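Colleague: Could you take me through some residue-level details, with the cut-offs stated as we go?

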Amino acid sequence: MKNKYIFRLLGVVGGLAGVFPSQAQLTLTGQLRTRTELRDGYGNLLPKDASAAAFTSQRTRLSVGYKVDRLSFGFTAQDVRVWGQDASTITAADGNRFSVHEAWAELQLLNKADTSIHLKWLDQLSLKVGRQELDYDGSRLLGNLDWLQQARRFDAALFKARHRGWALDLGGGFNQNSDAFGLTGTAYTPGNVATTALSTKNVILSIPAGFIPTSGKNGAPILANAVSTNGQNQQFKAFQMAHLTKVIKGHTLTGLFFKDDFSKYRIDSTGSISNGYVYGRRYDIRGVNSRVTYGAMLTGLLAKTTLGKFSYLAFAYAQSGHDRDGLTINGAHYYGVNLAYLQNRFTVTAGYENLTGNKPDQPTGTTRRFDPLYGTPHKYWGTMDYFYVGTGSPVGGLQDAFLKVKYTVKRFTAGLDVHYFALESPIVNRLSEVPSTFRGHLGNEYDFVASYALNKFTALELGYSLMQGTNQLEYAKQNTLNQKEKLGQWGYLMLNIRPDFLAKSAKP
């Protein structure tokens with residue numbers, strides 16, 4: 001079914017290519033990315049004697065771009081599957097993994113080069129509206145999460161202003177579940193929920209609108225699929241952002257302001273005495289919990305010598321307001337610095353990052369945990385995704401000291417990253433008869449990645465990682481002790497084909 005739609009779209013685009021105005025620019029690209037993985041302690045330490053998992057996932061994309069006069073348009077359809085998860089003959093009920101990843105239009109409102117729409121005090125101003133990727137500052141806090149096959153996108157409106165080396169983006173989005181007739185208010189259920197759930201008496205009950213089941217009373221939400229990285233349990237209701245960039249003599253300064261608003265909820269249940277109950281959260285409370293993230297990043301060339309180049313990166317961010325569960329954020333911050341040495345084909349980078357967590361005596365109703373928003377954790381805190389990804393993060397925060405070595409020559413690239421992970425704040429060991437605290441070392445991770453470009457459109461990538469975990473890591477992530485293997489490993493082979501259907505040659 002998915003192929004039928006893709007081939008139809010290809011045919012339509014191909015037919016229209018000949019009728020577009022000569023000054024228009026049309027692009028038609030695709031992507032087929034398969035990744036075969038062996039997981040033996042990926043994301044979390046495995047129980048002792050557990051077997052490794054192996055599978056192949058695939059992303060298939062078709063992207064259309066069109067640019068003419070003062071208008072740019074982009075559309076990307078994608079399908080994400082694991083080989084074998086569907087029957088060999090797909091039924092009409094299938095297709096929930098086929099989605100629109102991007103669908104946006106960008107209008108040029110002002111342009112210094114166009115005398116009919118120019119202003120002296122602003123070089124360029126445009127408005128980009130629709131489903132789109134937001135990617136800033138190397139995807140550290142806002143990114144497209146391209147490593148995941150499904151990736152990430154936002155439904156948003158974005159104003160983009162440019163003037164004399166300054167760049168300012170102002171954007172926002174407002175989420176709603178439905179546009180049905182008779183809809184009143186703006187209550188938002190922040191996640192996809194199954195239509196039924198099992199009650200306390202093992203009876204299947206229907207789930208009403210505006211209700212998310214939890215694992216017991218006051219437990220974690222049970223969603224049909226995770227809403228984001230970092231173990232987040234609900235999608236934001238709305239967001240507003242500003243991102244400022246200025247390049248000054250080889251140095252780049254950026255500033256970020258991001259406010260995300262979360263729907264308020266109350267603890268409730270559905271069911272009856274005879275059928276049992278399903279506990280959960282009911283999202284019918286007026287108002288939102290608003291969280292604000294703000295900070296800056298500075299990057300640039302530190303020195304250029306006969307031995308090579310030295311570059312640097314430094315950043316600091318803070319959070320305030322209330323988190324998605326209504327806790328008051330107090331003292332949450334994230335900072336880091338790294339220094340890179342570049343010499344011919346080699347790059348060596350050393351750095352340190354710190355994300356705050358709760359203290360053992362954290363006051364009730366407050367949190368000190370920094371949430372790295374909607375970035376790409378895979379890119380920064382180890383490729384085995386132990387931290388700030390789907391399996392969550394330690395309540396005590398994270399320290400990451402790392403050394404990275406990269407070698408590049410023509411079509412081939414290889415790199416080795418070494419991470420030393422530790423808690424930012426001690427955590428209380430509640431499994432001991434006499435409460436104690438865990439401090440310091442969580443584990444060491446070693447990540448090796450090599451890639452080779454077969455041609456202009458095709459690349460092959462191989463990766464292998466090891467995690468040497470500790471009891472602190474086991475407890476911090478899974479609340480157990482001495483029940484998990486302390487050595488985790490993960491390997492993958494990825495084929496990435498990105499054809500340009502209107503290109504004349506695929507030579508490297």
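This is a predicted model: local features need pLDDT of at least 70, side-chain atom pairs count only at pLDDT 80 or more; totals for chains, interfaces and linings use all residues.

Modeller: Residues are numbered from 1 along each chain as its sequence is written, and side-chain values use heavy atoms, with hydrogens and water left out.

Colleague: Which side chain does a polar contact of 3.3 Å join to that of D268?

Modeller: D268 lies in strand β13, residues 266–272, where strands are DSSP runs of E, at least two residues, numbered from the N terminus. A polar contact is a pair of N or O atoms within 3.5 Å, one able to donate a hydrogen and the other to accept it within protein, and residues adjacent in sequence count only if both atoms are side-chain atoms. At 3.3 Å, the partner of the D268 side chain is R266.

Colleague: Is L313 buried or exposed?

Modeller: L313 belongs to strand β16, which spans residues 308–322. Buried means under 20% relative accessible area, exposed over 50%, and partly exposed in between, with a 1.4 Å probe and protein chains only. Because its relative accessible area is 16%, L313 is buried.

Colleague: How does L107 in strand β4 count by relative accessibility?

Modeller: L107 has its place in strand β4. Its relative accessibility is 41%, so L107 counts as partly exposed.

Colleague: How far apart in space are L313 and G300, C-alpha to C-alpha?

Modeller: In sequence, L313 and G300 are 13 residues apart. From C-alpha to C-alpha, their separation in space is 6.9 Å.

Key:
Helices (H or I, at least four residues) and strands (E, at least two) are DSSP runs, numbered from the N terminus.
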